[in-house]
Amino acid sequence: MEESLKKEIKRGNLLLYEKIDKLETEIKSLNLENEMLKKDLFREKKEKQDFLNTIFQILDTQLSIDNIINTELLEEKQEKLKLIKKKITGILKCISVEETTKVGDKFNHIYHECVNNYNQEKEEYIIKEIVTQGYIRDGKVIKVAKVVIE
């Protein structure tokens, strides 16, 4: 009887070791898959950020074009540029990205970076010109606006 119990225990131990080996192999496989998913996620985040940076560059270009729209461009071209800006703004709205700055807003160091020198000490500064627009997403600043204040 003792002999048969020992054989059963050995067989049970062998089965347990086999199951443990299978579980360890599965864990290693899942860890590898997890690492691959992390790399994919990191790459996707980088691609999204690169996409946003491209959009921001386009909008910065649009902003500089806006400064000459009223004086030098024909009405037809003005309308086309306004339509392009409206479409890009719609894309940003779809991905929950919002502009942070308008001319006439109060200066806020969280959203704005001043690019001009100012000598007067005031309690409050007003944005006179936007050099590059700032953007927020889900309440977080993703690009600080560069502004001229007065």
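## Ground rules

Because the model is predicted, local features need a pLDDT of at least 70 and side-chain atom pairs count only at pLDDT 80 or more, while totals for chains, interfaces and linings use all residues. Residues are numbered from 1 along each chain as its sequence is written, and side-chain values use heavy atoms, with hydrogens and water left out.

## Overall build

The chain has 2 helices and 6 strands; these are DSSP runs numbered from the N terminus, with helices being H or I of at least four residues and strands being E of at least two. Reading from the N terminus, the order is α-α-β-β-β-β-β-β. The radius of gyration is 30 Å, well over the 15 Å that the globule rule gives for 150 residues, so the chain is more spread out than a compact globule. (That radius is taken over C-alpha atoms, and the rule is 2.2 Å times the number of residues to the power 0.38.) Along the principal axes, the C-alpha atoms fill a box of roughly 105 × 45 × 20 Å.

L16 sits in helix α1, which covers residues 2–72. Together with Y17 and I20, L16 makes a nonpolar surface patch of about 320 Å². Patch members have over 30% relative accessible area and no salt bridge; like charges are joined within 9 Å, and nonpolar side chains (Val, Leu, Ile, Met, Phe, Trp, Tyr) within 5 Å. Areas come from the Shrake-Rupley method with a 1.4 Å probe, and for residues only the protein chains shown count as cover. A salt bridge puts a side-chain nitrogen of Lys or Arg within 4 Å of a carboxyl oxygen of Asp or Glu.

An unreviewed UniProt entry annotates residues 13–47 as "coiled-coil region"; such annotations may be inferred rather than shown by experiment. In the model, residues 13–47 are 100% helix and 0% strand, with the end C-alpha atoms 50 Å apart.

## The antiparallel sheet

Here 3 strands form an open sheet, ordered β1-β4-β5, with antiparallel pairing (two strands pair if DSSP finds at least two bridges between them). β1 (97–99) and β5 (140–143) are the edges, each with a single partner strand, so one side of each lacks a neighbour in the sheet. β1 pairs with β4 (residues 135–137) over 3 bridges, and E99 has Y135 of β4 as its bridge partner.

## The mixed sheet

The other open sheet also has 3 strands, in the order β2-β6-β3, with mixed pairing. Its edges are β2 (112–114) and β3 (127–132). β3 and β6 (residues 145–149) pair in the antiparallel sense over 4 bridges, with I127 partnered by I149 in β6.
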